[in-house]
Amino acid sequence: MNNGQLRQFLALVRREVLEHPSLFIGAPAILGALLAIGSLWVLSMLPSEEIALGVEYLSILFDGLSPLQMAPMFMLLAVPFIIVLFVCGIVYLLNTLFQDRKDGSVLFWQSMPVSNLSTVLAKVVTLGAVVPVFYIATLFVLYIFTTIQLTILGFNYGVEVAGLGYMLGAAVVSLLLVYLSALAGTLWLLPSIGWILLFSAFARRTPLLWAIGVFILFGFLEDFVFGSQFLANWVESRSDPSRYLITEFSSILSRFFNYEMLFGVLVGAILIAGAVYMRRFID
């Protein structure tokens, strides 16, 4: 890929972000604001003695410890953001190619020197590599807000807060685990991404019903003809978040490089190729 092609691809990615600000920017911002407001409400309900003990406990717990060792503890706090990213991702995939065809913008893009392959890949890259950055940025702001909040409370109650700096360091390092989990999740779920994009590319209406209906039909035919449930079992195994969430740095390589991951990437690539091909046909 030369510089011109790279600039063109980055422009496609930028277009995806700008056209879906509510999914990619608004959703994590609203979630972060709700969590911040919720934390303030909880603190307002607690007695001052319990708040002081809590701040002191956190400061002592993290004081002097390596952020790399303590970072996995903060993965739990990222779960709400991962869930929202998952839901927004499904909405985006279902509508992205479908909406292009529905509003006729696909005609504009096909008149430009932009290939269908670049357009579809830009959508996958946007969802898997770019969108998580906005969610991580919101988490970062939330961690800064919480640390400042706890530091102020510590000063007010005369509690030593030196350990809160180590806590913030661990929280920031955990963001790398969150981003790597998003990348691993995209690759692990690539068959699902390709499947949804395939129906988003050709369904004239309700691509969600098409995607679910055809999957159920294939499962029924497999059970009726072969008496097996390989498809259902395979999808169930790939729906397990523990297979792609990275909770410690020592498991990074094993998450990305294994037989099941590579096989899933191959299946996903075939389905995405199908979506690229179906994009050639316009209603």
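Modeller: Contact here means heavy atoms within 4.5 Å. With residues up to four places away in sequence left out, Y179 touches A129, P132, V133 and I136. The model is a predicted one, in which local features need pLDDT of at least 70, side-chain atom pairs count only at pLDDT 80 or more, and totals for chains, interfaces and linings use all residues. Residues are numbered from 1 along each chain as its sequence is written, and side-chain values use heavy atoms, with hydrogens and water left out.

Y179 belongs to helix α8, which covers residues 163-188 (helices are DSSP runs of H or I with at least four residues, strands runs of E with at least two, numbered from the N terminus). Y179 is partly exposed, with a relative accessible area of 23%; buried means under 20%, exposed over 50%, and partly exposed in between, for a 1.4 Å probe and protein chains only. From Y179 to S239 the separation is 60 residues in sequence and 19 Å in space, C-alpha to C-alpha.

W188 falls within the residue range of α8, and R238 lies over the face of W188, at 3.9 Å from the ring centre (this requires NZ of Lys or CZ of Arg within 6 Å of the ring centre and within 35 degrees of the ring normal).

Aromatic rings also meet one another. Rings of Phe, Tyr and Trp (its six-membered ring) pair if their centres lie within 6.5 Å, and planes under 30 degrees apart count as stacked, over 60 as edge-to-face and the rest as tilted. In one of them, the ring centres of F202 and W210 are 5.5 Å apart and the planes stand at 70 degrees, so the pair is edge-to-face. F202 is partly exposed at 27% relative accessible area, and W210 is partly exposed at 40%. Both residues belong to one aromatic cluster, together with W195, F199 and F218.

As for the whole, the protein chain has 13 helices and zero strands. Its C-alpha atoms fill a box of roughly 70 × 45 × 40 Å along the principal axes, and 40% of the 283 residues count as buried. Among contacts in the protein chain between residues at least 6 apart in sequence, 83% join residues at least 24 apart.
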